[in-house]
Amino acid sequence: LIEASMVVGAILSGADEQELETVEQIASDIGLAFQIQDDILDVTSTMEVLGKPVMSDEKNKKTTYVTLEGLNKATADVKEVSDRAIRTLDGLGRENEFLRELILQLVYREK
């Protein structure tokens, strides 16, 4: 969904083929960072903050990024992948503070 939304936006704004590929990479990184953060929140948050049951992945014996890599590496990887998305966005040569802030909110959300 993230990739589709971003690619459609890029197409509507007149992006060329290279820019579309770049936007796809940004969206892929955002999606990965979002999922890692979701896995982190499942083990670090509370139901009151998150608004949904926590520890559900563990209860369902679901393999997640956190179970594979550990909480510390997952946290570091969220930062690395989201920073890469921001750097790639900056490389487009088009300033978009709204998209930058949206990326940060998506990947560093607490709920």
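These notebook entries follow two residues of helix 2 and the packing of helix 1 against helix 2.

Entry 1, the model. I am working from a predicted model, in which local features need pLDDT of at least 70 and side-chain atom pairs count only at pLDDT 80 or more, while totals for chains, interfaces and linings use all residues. Residues are numbered from 1 along each chain as its sequence is written, and side-chain values use heavy atoms, with hydrogens and water left out.

I located isoleucine 36 in helix 2, residues 17–44 (helices are DSSP runs of H or I, at least four residues, numbered from the N terminus). Isoleucine 36 is buried at a relative accessible area of 1% (buried means under 20%, with a 1.4 Å probe and protein chains only). Neighbours within four places in sequence set aside, I found isoleucine 36 in contact with Tyr65, Ala74, Asp77 and Val78 (contact means heavy atoms within 4.5 Å). For alanine 74, which lies 38 residues from isoleucine 36 along the chain, I noted a C-alpha separation of 6.5 Å.

I looked up helix 1 (residues 2–12), which packs with helix 2 at an angle of about 155°, the axes being 9 Å apart (axes are lines fitted to C-alpha atoms over the stretch in contact, and angles run from 0 to 180 degrees between N-to-C directions). The two helices are therefore roughly antiparallel (over 145 degrees).

Definitions and conventions. Buried < 20%, exposed > 50% of the residue type's maximum accessible area, 1.4 Å probe, protein only. Parallel < 35°, antiparallel > 145°, perpendicular 65-115°, else oblique.
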